[in-house]
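Here is a short briefing on one predicted model.

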Amino acid sequence: MSDVIISFVDVGQGDCTVAIDTSTATGILIDCAAGQHRAAISEIEAQSCIFLGAAIISHTHADHSGGVLDVLEELEDRFYGEIFVNHESFLATPVAGPDRGVAGKRLRAMFHRLREFPDRVKPAEEGSTGSFGELSWRILAPKHDEVLEAVATGDPNCASAVVLVAAHQNFVLVGGDTPLKTWERIAGQVPVGAVCRWPHHGGGVGGTNSVEAQEQLFAITRPSAVVVSVGAGNTYGHPSSAFFQARKENGARLLCTQVTSACIRGGGAGRACAGSIRVSITPSGNLVTVDAKDHPATIEAWGAAQCK
C-alpha cells in the first residue's frame, strides 16, 4: 500500500493544504493564499505530485482563495479535475472604502477566470467526495443554508468548508474558517484523533474568542495534533490566548507554521517556527514532520513558548 502525504504549506497569514496519493502521483489542493501560489507549486513538485484531481476553495477570503486559480493555471493540463467553490459567498465579501474599485475588479476577475473551466466548477457543499488511490476526501460542510447565511450577514466564514481527508483509516481535518455552530452541527461526522488544521489561524470561532468556545471546538474535534497556519507579522493577535489555554487543557500536540508575538509569553518578534508541516500516512499510522531543523530544541530555547 502506498503512502499519502498531507502538506500544510507555510504561506504566512493564510492557508494552503496539498494532499497527495503517492501511488498515483495525484493530489488535491485545498485553499491557497493570494500571492503564495509559488509556495504551493514548490510543495507539489517537491512531493512528486504530477496531477491535481480536485481543488477546493473553502471560502472567499483572499488568504484562502486568492492563489488557487494561479496554481491551477500554471499547472495547465496537470490539473484535470473539478473546482469546488461557493461562488454565492463572494457576494458576502465586503467591497467598500477606498479600495472598492480594486477589490471589485478582483472579484469579477476571479469569476471570469472560473469560466475558463467549463463544466468543472461545482458547489463546495456537504456531500461532495473524491478519491485517488489510497486517498479519499469528503466535504462535511457547509450546507446551502449556511451559504445563504454568509450572503445575508456579509460574513464569508459562515460558508467556509470543512474537508475530511482519509487514508489507511487515519484522518486529517481541514477547517477553513468555519464557525463553531457549524462544527456543532457536523460533530457526529468528525472522527476522533484526527490531525486538525485549526480554523481561523487560532483566532476566534464564530464571532467569539472565548476559552469556552475554543474548548467546545476541542471537544468536538478531539484531535491528536493541531496545526495552525499563521503569519509572523499578523496584526490580529493570532493565535489567541483563548486558543492556547484550551489547547493546553486538551493536551493535543501543537504545531504552527510561523511564530508570532502571541506565541511567546511576554512578547517577542515574529519569526519562522515549524515552517511547512507534513503528515505522512501509512498502513501502520501517521508521522508528522516539519521543515524546521531541531524544532523541539528551538521551542525549548524560547523558554516561555505557549505551545509547551
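Which side chain meets that of R78 in a salt bridge? E45 does, at 2.8 Å, N to O. The model is predicted: local features need pLDDT of at least 70, side-chain atom pairs count only at pLDDT 80 or more, and totals for chains, interfaces and linings use all residues. Residues are numbered from 1 along each chain as its sequence is written, and side-chain values use heavy atoms, with hydrogens and water left out.

**Salt bridges**
- A salt bridge is a side-chain nitrogen of Lys or Arg within 4 Å of a carboxyl oxygen of Asp or Glu. The count by this rule is eleven.
- R78 lies in the loop between α3 (68-75) and β5 (79-84), and E45 in helix α1 (residues 37-46), so their bridge ties together parts 33 residues apart in sequence. Helices (H or I, at least four residues) and strands (E, at least two) are DSSP runs, numbered from the N terminus.
- R78 is partly exposed at 25% relative accessible area, and E45 is partly exposed at 41%. Buried means under 20%, exposed over 50%, and partly exposed in between (1.4 Å probe, protein chains only).
- R113 and E73 form a salt bridge at 2.9 Å, N to O. The pair links distant parts of the chain, with R113 in helix α4 (residues 100-114) and E73 in helix α3, 40 residues apart.
- A network of salt bridges links E43, R278 and D291.

**Cavity**
- There is one cavity of 30 Å³ or more. A cavity is a set of points on a 1 Å grid over the protein atoms alone where a 1.4 Å probe fits but cannot get out; lining residues have an atom within 4 Å of a point.
- The largest cavity holds about 90 Å³ of space. Of its 13 lining residues, the closest to its centre are C256, V259, C263, C273 and C307.
- β13 (253-256) and α9 (295-302) each supply at least two residues of this lining.

**Surface patch**
- I50, F51 and Y80 make a nonpolar surface patch of about 290 Å². Patch residues have over 30% relative accessible area and no salt bridge; nonpolar side chains (Val, Leu, Ile, Met, Phe, Trp, Tyr) are joined within 5 Å, like charges within 9 Å.
- F51 sits in strand β4 (residues 51-56) and is partly exposed at 34%.

**Buried residues**
- C196, in strand β11 (residues 195-197), is buried at 1% relative accessible area.
- A124 is buried at 0%. A124 and I264 are 37 Å apart in space, C-alpha to C-alpha.

Definitions and conventions. Accessible areas come from the Shrake-Rupley method with a 1.4 Å probe; for residues, only the protein chains shown count as cover. On a 1 Å grid over the protein atoms alone, a cavity is a set of points where a 1.4 Å probe fits but cannot get out, and a pocket is an open set with protein on both sides within 12 Å along at least five of seven lines; lining residues have an atom within 4 Å of a point. Grid points are joined across faces, edges and corners, and a volume is the space filled by probe spheres set on the points.
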